[in-house]
Number of protein chains: 2
Amino acid sequence: MSWLDKVNWTDGLVPVIAQELSTGTVLMFAFMNREALALTVETGHAVYWSRSRQKLWRKGEESGHVQKVHEIRLDCDEDVILMTVEQMGGIACHTGRHDCFFQKLENGDWLIDKPVLKNPEDIYKHE
Amino acid sequence: MSWLDKVNWTDGLVPVIAQELSTGTVLMFAFMNREALALTVETGHAVYWSRSRQKLWRKGEESGHVQKVHEIRLDCDEDVILMTVEQMGGIACHTGRHDCFFQKLENGDWLIDKPVLKNPEDIYKHE
């Protein structure tokens with residue numbers, strides 16, 4: 001039995017939490033299918049499954065903002081993965097921010113409290 | 001418009017990552033519906049939606065291992081919540097471990113590397 005069979009896939013996917021090794025910051029949340037997880041382990045760089053585009057998403061392929069995988073963990077129900085990564089370029093979010101969780105609930109409203117570090121147009125100018 | 005409307009609910013649910021305030025450890029992953037999120041904010045203690053039991057799950061109600069909510073964040077796509085919490089009793093996982101991510105991928109196998117701190121039977125003896 002492969003270690004991939006231990007994962008409880010839902011519709012062929014597993015949710016993945018990416019956490020930054022150096023800071024502990026939760027950077028983003030995405031999904032992997034079996035092939036993406038296998039490729040992630042094989043290459044040492046995070047490969048996700050894009051549900052909107054319905055294809056493999058080699059994180060940072062165009063921007064250079066790849067995620068070097070340090071550790072891969074599975075939860076008690078074996079249906080969620082936690083991955084510790086080094087975020088190249090320091091930008092995980094497509095908005096040009098360090099991480100995706102830049103909206104904070106405060107007094108009944110969502111406030112943006114993290115800066116855009118790089119113009120998204122510059123990040124993806126090669127696309 | 002309520003702040004609850006900003007969340008992109010999928011089948012009435014949103015995935016929630018709970019991270020420990022003091023250590024940065026990702027403790028667990030679960031879901032909330034609208035009522036659970038509203039109650040979480042109202043009470044200051046994490047309330048989830050149990051998909052298996054199809055009912056509100058007031059985390060720690062029986063065990064005393066409640067999660068005091070410090071901060072609630074929403075991601076760029078507004079479909080994932082990150083919550084920083086204080087984990088009362090130091091045990092977030094139903095297996096009696098500190099957190100749910102106790103299986104680590106190593107040399108093609110999942111190895112358990114976090115100890116059981118409390119017997120689950122003792123945690124839920126009042127049920």
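Reader: In which sense do strand β7 (residues 103-106) of chain A and β8(A) pair?

Author: The model discussed here is predicted. In chain A, strand β7 (residues 103-106) is joined to β8(A) by four bridges. Within this pairing, Lys104(A) has Leu111(A) of β8(A) as its bridge partner. The sense of the pairing between β7 and β8(A) is antiparallel.

Reader: Which strand of chain B does β7(A) join?

Author: Gln103(A) stands opposite Leu74(B), a residue of β5(B). Two bridges make this link between the chains, and the two strands run antiparallel. The strand of chain B joined to β7(A) is therefore β5(B).

Reader: Which strands stand at the edges of the open sheet?

Author: The open sheet has six strands in the order β8(A)-β7(A)-β5(B)-β6(B)-β1(B)-β2(B), and its pairing is mixed. A strand at the edge has a single partner strand, so one of its sides is left without a neighbour in the sheet. The strands in this position are β8 (109-112) of chain A and β2 (26-33) of chain B.

Reader: At about what angle does helix α1 (residues 34-43) of chain B run to β2(B)?

Author: Helix α1 of chain B lies across two strands of its chain, β2 and β5 (67-74). One of these, β2(B), stands at an edge of the sheet. The angle between the helix and β2(B) is about 120°.

Reader: Which element gives the most residues to the side of chain A that touches chain B?

Author: The contact takes 27 residues from chain A and 27 residues from chain B. On the side of chain A, the elements that give two or more residues are β1 (13-20), β2 (26-33), β5 (67-74), β7 and β8. By class, this side has 15 nonpolar, six polar and six charged residues. With four residues, the element that gives the most is β5(A).

Reader: What kind of axis relates the two copies?

Author: Chain A is superposed on chain B, with an RMSD of 0.0 Å, by a rotation of 180° with 0.0 Å of shift along its axis. The two copies are thus related as by a two-fold rotation axis.

Reader: Which residue of chain A comes closest to the rotation axis?

Author: The contact surface is the same in both copies, as 100% of the contact residues of chain A recur in chain B. In chain A, the closest approach to the axis is 2.8 Å, taken at the C-alpha atom. The residue is Gly24(A).

Reader: What is the radius of gyration of chain A?

Author: Chain A has two helices and eight strands, and 37% of its 127 residues are buried. For 127 residues, a compact globule would have a radius of gyration near 14 Å. The value for chain A agrees with this, being 15 Å.

Conventions
Residues are numbered from 1 along each chain as its sequence is written. Chains are lettered from A and ligands numbered from 1 in the order in which they are written. This is a predicted model: local features need pLDDT of at least 70, side-chain atom pairs count only at pLDDT 80 or more; totals for chains, interfaces and linings use all residues. The radius of gyration is taken over C-alpha atoms; the globule rule is 2.2 Å times the number of residues to the power 0.38. A residue is buried if 20 or more other C-beta atoms lie within 10 Å of its own, exposed if 12 or fewer, and partly exposed in between; C-beta atoms are placed from the backbone. Two residues are in contact if their C-beta atoms, placed from the backbone, lie within 7 Å. Axes are lines fitted to C-alpha atoms, for helices over the stretch in contact, and angles run from 0 to 180 degrees between N-to-C directions. Ala, Val, Leu, Ile, Met, Phe, Trp, Tyr, Cys and Pro count as nonpolar, Asp, Glu, Lys and Arg as charged, and the others, Gly among them, as polar. Copies are superposed by least squares on the C-alpha atoms of residues with pLDDT of at least 70 in both.
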